[in-house]
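Subject: Structure handover

Hello,

Here is the structure I promised to pass on. Please open it first, then read the notes below.

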Amino acid sequence: MVDSEVLVFVGNMTLIDKDVFRLWLEGKAVTEASRLTSGKFVNVKLQYIISDIEDNYRNFMAIEKYLRNPLSLSHQVMFQIPHKTQEFLIQEYYSLNSSVAREILGKKLSSRHRKDLDEVSEKTDVTLKSCRRQYDNFKRVFKAVEDMQGSMVKNITDNFLLSKELAKKYAAIVFFANNRFETGKKRLAFVTFDDFVYCADKMMNNWTVGSASSLAKEDLDADFDRNFLQDLRELKILGEKECSEQHKGLVRETLKGKVSDLVLSQVDAEFRVSNNW
């Protein structure tokens, strides 16, 4: 009988393989993740790599309940994880795919729409598991901050510990879902998720009851200022052809002699585009 020497190391620090964590978030199966990471190891049998991936996946599934409530991650005692690694786990867990977010944007975050994620998965070429994680994250953030007072972006960063850039994306999802924007119309198909994030940020800062220009002076980013909406309704008349032509003539008359012919032609083009909407 040949003696085997086994080296065992015991410690209380949880080691996180960042590459494997990303594969887990992407919804890769253990065998596929093992194949994709095998190049990192030299002269290591595949069965050992699979075993290591399985161990990692078990840890991730156990940590996931704390990631769903990021504030609890630093207070739990089950896993000893360095602060920088905690930040990485949270940012990655709440990371989103722009194509998936664009498909979900504007929809009611309900159980019925969650059942339709297989279509989103097929359309975006993102695994169903990843789509579900992102959808559940959207819904969780929405439920947590939709009625909170104060800046929506700040509320998200404070309660979910996300970076400001990522928090703005989630704020856009909450804002459009709360106000029932119909972002799925064909005429808006060319508008990207990042475009909508930019628009949501501008609207929250200028058109909501929490904006500096609001007469309501309420500390809430999610709802439009009613006075502003009333003013906006009065502008609908400009969409009528006769008024639109009159408006165009007044604008041209005001600009004539002050700008070049090229700029005037561009203004005409903008009016034509707006009339087609």
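Predicted model: local features only at pLDDT ≥ 70, side-chain atom pairs only at ≥ 80, totals over all residues.

Start with the charged surface. Lys108, Arg112, Lys143 and Arg180 form a positive surface patch. One of them, Arg180, sits in the loop that links helix H10 (164–178) to helix H11 (193–206). Arg180 counts as exposed because its relative accessibility is 59%, and the cut-off for exposed is over 50%.

Most residues other than glycine have a negative phi.

Asp125 also belongs under this heading. Asp125 is not a glycine, yet it has a positive phi of about 60 degrees. Where does Asp125 lie? Its place is the loop between helix H7 (117–124) and helix H8 (128–145). Is Asp125 buried or exposed? Asp125 is exposed, with a relative accessible area of 74%.

Last, Ser111. This residue is part of helix H6, which covers residues 111–114. With a relative accessible area of 49%, Ser111 is partly exposed. The exposed class needs over 50%, so Ser111 at 49% stays in the partly exposed class. Ser111 and Lys139 are 28 residues apart along the chain. Their C-alpha atoms are separated by 9.9 Å.

Over to you.

Best regards

Definitions and conventions:
Residues numbered from 1 in each chain as written. Heavy atoms only, no water. Patch = residues over 30% accessible without salt bridge, like charges linked within 9 Å, V, L, I, M, F, W, Y side chains within 5 Å. Areas by Shrake-Rupley, 256 points an atom, 1.4 Å probe, with all protein chains shown as cover. Salt bridge = Lys/Arg side-chain N within 4 Å of Asp/Glu carboxyl O. Lys, Arg positive; Asp, Glu negative; His and termini not counted. Charge placed at Lys NZ, Arg CZ, Asp CG, Glu CD. Helix = DSSP H or I, 4+ residues; strand = E, 2+ residues; numbered from the N terminus. Buried < 20%, exposed > 50% of the residue type's maximum accessible area, 1.4 Å probe, protein only.
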